[in-house]
Amino acid sequence: PSDVVIADKFAADAEAKVVSVDGILDGWMGLDIGPDSIKAFNQALSNCKTVVWNGPMGVFEFPKFSSGTFSVAEKLAELTSEGCTTIIGGGDSVAAVEQANLAEQMSHISTGGGASLELLEGKILPGVAALDEA
């Protein structure tokens with residue numbers, strides 16, 4: 001990201017500021033991507049035919065820090081309607097698209113985030129290996 005939403009504490013009522021990614025103040029933390037980064041991510045996704053999304057863009061559970069995650073979710077729903085295959089992986093990402101009421105608009109939802117990524121990497125999953133051996 002080029003910019004981030006920073007907070008003075010990890011809480012829904014934290015003070016928030018948008019700063020460049022290299023301008024995070026001492027004692028503050030980045031809890032979401034900023035508006036310029038949202039535009040950049042959405043632009044980068046625009047021509048995709050397949051998207052695997054694993055991990056929210058910020059702390060979407062706090063409304064003040066949910067814009068990045070929900071903007072990407074909305075973009076993915078739009079892309080799905082245009083024929084893009086969208087695969088949402090991992091419990092937090094699934095929770096985010098469900099909270100945004102967009103889960104039904106995605107191609108595939110899986111709570112197997114890390115395991116799904118390992119499968120895509122070509123790694124042997126222990127549970128699948130055990131089935132093959134049975």
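**Exercise 1. Find which residues have the most contacts inside the largest nonpolar core, and which elements supply this core.**

*Solution.* Step 1: the largest nonpolar core has 18 residues, and those with the most contacts inside it are L45, W53, V72, L76, I88, V97 and M106. A nonpolar core here is a set of buried Ala, Val, Leu, Ile, Met, Phe, Trp, Tyr and Cys residues joined through side-chain atoms within 4.5 Å. Buried means under 20% relative accessible area, exposed over 50%, and partly exposed in between, with a 1.4 Å probe and protein chains only.

Step 1: at least two residues of this core come from each of α1, β4 (50–53), α2 (67–81) and α3 (91–99). Helices (H or I, at least four residues) and strands (E, at least two) are DSSP runs, numbered from the N terminus.

Step 2: the top contributor is α2, which gives the most to this core, with five residues. A second, separate core of seven residues includes V5, A7, L31 and V59.

Before going on, a word on the model: it is predicted, so local features need pLDDT of at least 70 and side-chain atom pairs count only at pLDDT 80 or more, while totals for chains, interfaces and linings use all residues. Residues are numbered from 1 along each chain as its sequence is written, and side-chain values use heavy atoms, with hydrogens and water left out.

**Exercise 2. Follow V72 and N42 to their contacts.**

*Solution.* Step 1: not counting residues up to four places away in sequence, V72 touches F41, N42, L45, W53 and M57. Contact means heavy atoms within 4.5 Å.

Step 1: look at N42, which lies in helix α1 (residues 35–45). Is N42 buried or exposed? N42 is buried, because its relative accessible area is 17%.

Step 2: apart from its neighbours within four places in sequence, N42 is in contact with S71, V72 and K75.

**Exercise 3. Work out the strand order of the open sheet and what packs on it.**

*Solution.* Step 1: the open sheet has three strands in the order β2-β1-β3, with antiparallel pairing. Two strands pair if DSSP finds at least two bridges between them.

Step 1: from one strand to the next, the twist averages 40 degrees. Strand β1 (residues 3–7) pairs with β3 in the antiparallel sense over four bridges, and V4 has I33 as its bridge partner in β3.

Step 2: α1 packs on the sheet, touching β1, β2 and β3, and its direction makes about 45 degrees with that of β3. Axes are lines fitted to C-alpha atoms, for helices over the stretch in contact, and angles run from 0 to 180 degrees between N-to-C directions.

**Exercise 4. Explain why the buried residues of α3 line one face.**

*Solution.* Step 1: list the buried residues in α3, which are S93, V94, A96 and V97.

Step 1: seen down the axis of α3, these buried residues fall within an arc of 160 degrees, so they line one face of the helix. The arc is that of the directions from the helix axis to the C-beta atoms.

Step 2: what covers them includes β4, α2, β5 (85–89) and β6 (108–110). Just after α3, N101 takes a positive phi of about 60 degrees.
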